[in-house]
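Q: Hi! Could you walk me through the side-chain contacts in this protein?
A: Happy to. Let's have it on screen and take it topic by topic.

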Amino acid sequence: MWKNIEAAPADAILGLTEAFQAESRPGKVNLGVGVYKDETGITPIPGCVKAAELILLETEKTKSYLPIPGEPVYGVEVQKLIFGESSEVISGRRAVTAHAPGGTGALRVGADLLKKFNKDAKLWLSDPSWTNHRSVFSAAGYAVEEYPYYDADAKGVDFVAMKECLARVPSGDVVLLHACCHNPTGFDLSAEQWKELVEVAKKAGWIPFLDFAYQGLGEGLEQDRVGVVAFAESGLDMVVSSSFSKNFGLYRERVGACTVVTPSEAEAVVAMSHLKTVVRVLYSNPPAHGGLVVKTVLTSKALRSQWVEELDGMCRRIKEMRAQLVQGLEKRGVERDFSYILRQRGMFSFSGLSKEMVEWLRAEKAIYMVGSGRINLAGLTTSNIDYVCDAIAEGLKQEK
């Protein structure tokens, strides 16, 4: 069967990790893959997660299937987290949530759900966006278009161009928006810009689909949901894909959620009926362990408090590495102004390094990053920051 079929290309990011793992040079640095790492260079298991797992080990009585949309309390806690506990969306029962296998699974669930009722709908992505966004929605049958987002010259969001384009998006099309910590650029919309975007959506009639993968890693749990709240309060139909891979460190457990917001409780009931049919076809019902861990943490006052503290620590470390990178390059006499990196949020930064520089850093210094120059700031530590700054400074001098 496979004799005359060419091998598929390696995933751009996961393939980079494989290359890094095969790298034999000492002092190698991986700034490519988008996972959080601590000061020792490992992806840690938060203490609250360990504690929750011990509780589950002692109290869990069955390994029987979960309901199709997952453990009900999990769905309730997800909504409190992404909308706020006092949200009218929750009290008005206007939202329904299904536990999905990771943020990627949630994206696919939402994609299939919306496609079910509008076969001709197109999907609009920011330029640039996470590479797998295009793949997920293309696999769900969408033609994918792009809207302007990043201004390479101004080093920020080109909001004027973004608004002008989205104002022309046909009614019924789906617009994917990064709720916070935009991947790959690190540049987010302001609270005022989110409000303006809501008005654009109301007038044009497109469906907002918010990817909320990094809550708590930008400015904080509440601050990071400003875009989600703005759309939720508008009364528009919308979908939110959320993930607990990053903010709970549950990468391998694949814990996410697909939440559908509707204008009324009656419509939410209908939405859940179809949400369940989509899940049934894709994976029948979700894996239990990770979702139960999240539920256990969020429903325990002590564990939730511990989680918030640990999450704040992760956020602070990323900001510290961001600042040390900018300061380190400045101290080495680099003429180019990298201060824009300080305006970015979350784990990622569009560094502004050229593809040629990225290739040189990998070949000469064993520093790995994505070809676009996107770097994962969590890959920087106090033990490798000087080496990275020295290497970039050296490369930029040669680039002249």
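## Rings, charges and cysteines

Q: Let's start with Tyr150. Is Tyr150 buried or exposed?
A: Tyr150 is buried, with a relative accessible area of 18%. The cut-off for buried is under 20%, so 18% falls on the buried side. Keep in mind that this is a predicted model.

Q: Thanks! Which ring does Tyr150 form an aromatic pair with?
A: Tyr150 pairs with Phe187, and the two are stacked. Their centres are 6.0 Å apart, with 25° between the planes.

Q: Where do Tyr150 and Phe187 lie along the chain?
A: Tyr150 is in strand β5 (residues 150-151), while Phe187 is in the loop between β7 (174-178) and α8 (191-204). The pair therefore ties together parts that are 37 residues apart in sequence.

Q: And is Phe187 buried or exposed?
A: Phe187 counts as buried, at 5% relative accessibility.

Q: How many aromatic pairs does a search of the whole structure find?
A: The search finds 12 aromatic pairs. One of them joins Tyr74 and Phe244, with ring centres 6.1 Å apart.

Q: Why is the pair of Tyr74 and Phe244 called edge-to-face?
A: The planes of the two rings are at 75°, so the pair is edge-to-face. The cut-off for that label is over 60 degrees.

Q: Which parts of the chain does that pair tie together?
A: Tyr74 sits in helix α3 (residues 72-83), and Phe244 sits in the loop between β9 (238-243) and β10 (255-261). The pair thus ties together parts that are 170 residues apart in sequence. Both Tyr74 and Phe244 are buried.

Q: Which residues are in a cluster with Tyr74?
A: Ring pairs link Tyr74 with Phe244, Phe248 and Trp307 in a cluster.

Q: OK, on to salt bridges. How many are found in the whole structure?
A: The search turns up 17 salt bridges. Among them is the one between the side chains of Lys80 and Glu77, at 3.3 Å from N to O.

Q: Where do Lys80 and Glu77 lie?
A: Both are in helix α3, 3 residues apart, which is about one turn of the helix. Lys80 is partly exposed, with a relative accessible area of 27%, whereas Glu77 is buried at 9%.

Q: Which residue does Lys122 meet in a salt bridge?
A: The side chain of Lys122 meets that of Glu145, at 3.4 Å from N to O. This pair links distant parts of the chain, 23 residues apart: Lys122 is in the loop between α5 (102-115) and β3 (123-127), and Glu145 is in strand β4 (residues 144-148). Lys122 is partly exposed, with a relative accessible area of 33%, and Glu145 counts as partly exposed at 29%.

Q: What about Lys319, which residue does it meet?
A: Lys319 and Glu219 meet in a salt bridge, at 3.1 Å from N to O. Lys319 is in helix α12 and Glu219 is in the loop between β8 (207-212) and α9 (226-233), 100 residues apart.

Q: Which residues are linked with Lys319 and Glu219 in a network?
A: The network of salt bridges also includes Asp188, Asp224 and Arg345.

Q: New topic! How many disulfides does the structure hold?
A: The structure holds 0 disulfides. Take Cys180: its nearest cysteine sulfur, that of Cys181, is 3.8 Å away. A disulfide needs two cysteine sulfur atoms within 2.5 Å. Cys180 itself is buried, with a relative accessible area of 2%, and another buried cysteine is Cys389, at 0%.

Q: Last one: which residues form a nonpolar patch on the surface?
A: Met1, Trp2 and Ile5 form that patch, and together they have about 450 Å² of accessible area. Trp2 is in the segment before α1 (14-22), and Trp2 is exposed, with a relative accessible area of 62%.

Note on methods. Residues are numbered from 1 along each chain as its sequence is written. This is a predicted model: local features need pLDDT of at least 70, side-chain atom pairs count only at pLDDT 80 or more; totals for chains, interfaces and linings use all residues. Side-chain values use heavy atoms; hydrogens and water are left out. Rings of Phe, Tyr and Trp (its six-membered ring) pair if their centres lie within 6.5 Å; planes under 30 degrees apart count as stacked, over 60 as edge-to-face and the rest as tilted. Helices (H or I, at least four residues) and strands (E, at least two) are DSSP runs, numbered from the N terminus. Buried means under 20% relative accessible area, exposed over 50%, partly exposed in between (1.4 Å probe, protein chains only). Patches are made of residues with over 30% relative accessible area and no salt bridge: like charges are joined within 9 Å, nonpolar side chains (Val, Leu, Ile, Met, Phe, Trp, Tyr) within 5 Å. Accessible areas come from the Shrake-Rupley method with a 1.4 Å probe; for residues, only the protein chains shown count as cover. A salt bridge is a side-chain nitrogen of Lys or Arg within 4 Å of a carboxyl oxygen of Asp or Glu.
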